[in-house]
Amino acid sequence: MPTKKKPQVTAAAARRRELLETAAEVFAEQGYNATTVRKIADHAGMLAGSLYYHFDSKESMLEEILRTFLDELWSGYDAVLEAELGPRETLEALVTESFREIDRHRAAVAIYQKENRQLVAQERFSFLAESQRKFEKAWLSTLERGVAAGVFRSDLDVRLTYRFVRDTVWVAASWYRPGGQHSPEEIARQYLSMVLDGIAVRT
């Protein structure tokens, strides 16, 4: 049986991806409002007019950056949630997947953290609010299942715990750099060790 060939990435597609990566870094460092198409073009080593050949605006660039990040995040999260693991295992898998996404899309995560509140007010970025609702539901339901099953403490404030875990994990985008001393999985293990020592049932 012949093996399937992987689709070839065209030069134009590869260049488009490079430009989005450059734009993401500029947005993350300078902020969305302060970033202009010219600034992105300067960092990419091209004229601003040439950048318009690939994208019609900085808004379209930001939208693609965030959609790509969230699509990959939810692909991983959905796989975890559909696996029907126990609540502790689900929590561990969600945290690990989150760090993998920070590794893949550090700049996009940083943008999301900084710009989410102002962007959700724009119709073009309404998908951010829907993702946030799904995100909250996934984490809260996992914590609630853990309390109900006696895996997590019965006195746990699940909403407060959700906020703590969420903020503790995603703020890592501000310091994490791909290719560093620790892999995303190792960082997740360290974080989980600290978190679960505080919320697992004491024996």
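How many positive and negative side chains does the protein chain have, and how far apart do the centres of the two sets lie? There are 28 positive and 30 negative side chains, and the two centres are 2 Å apart. Lys and Arg count as positive, Asp and Glu as negative, with His and the chain ends not counted. Each charge is placed at NZ of Lys, CZ of Arg, CG of Asp or CD of Glu.

Some ground rules. This is a predicted model: local features need pLDDT of at least 70, side-chain atom pairs count only at pLDDT 80 or more, and totals for chains, interfaces and linings use all residues. Residues are numbered from 1 along each chain as its sequence is written, and side-chain values use heavy atoms, with hydrogens and water left out.

Now the fold. The protein chain has nine helices and zero strands. Those are DSSP runs, numbered from the N terminus: helices are H or I with at least four residues, strands E with at least two. The C-alpha trace spans about 65 × 55 × 35 Å along its principal axes.

Next, burial. Of the 203 residues, 42% are buried, meaning under 20% relative accessible area with a 1.4 Å probe, protein chains only.

Contacts, meaning heavy atoms within 4.5 Å. Take those between residues at least 6 apart in sequence: 71% join residues at least 24 apart.

Thr142 sits in helix H7, residues 127–148. Thr142 is buried, at a relative accessible area of 2%. Beyond neighbours within four places in sequence, Thr142 contacts Pro87, Thr90, Leu91, Leu94 and Phe152.

Note on methods
Buried < 20%, exposed > 50% of the residue type's maximum accessible area, 1.4 Å probe, protein only.
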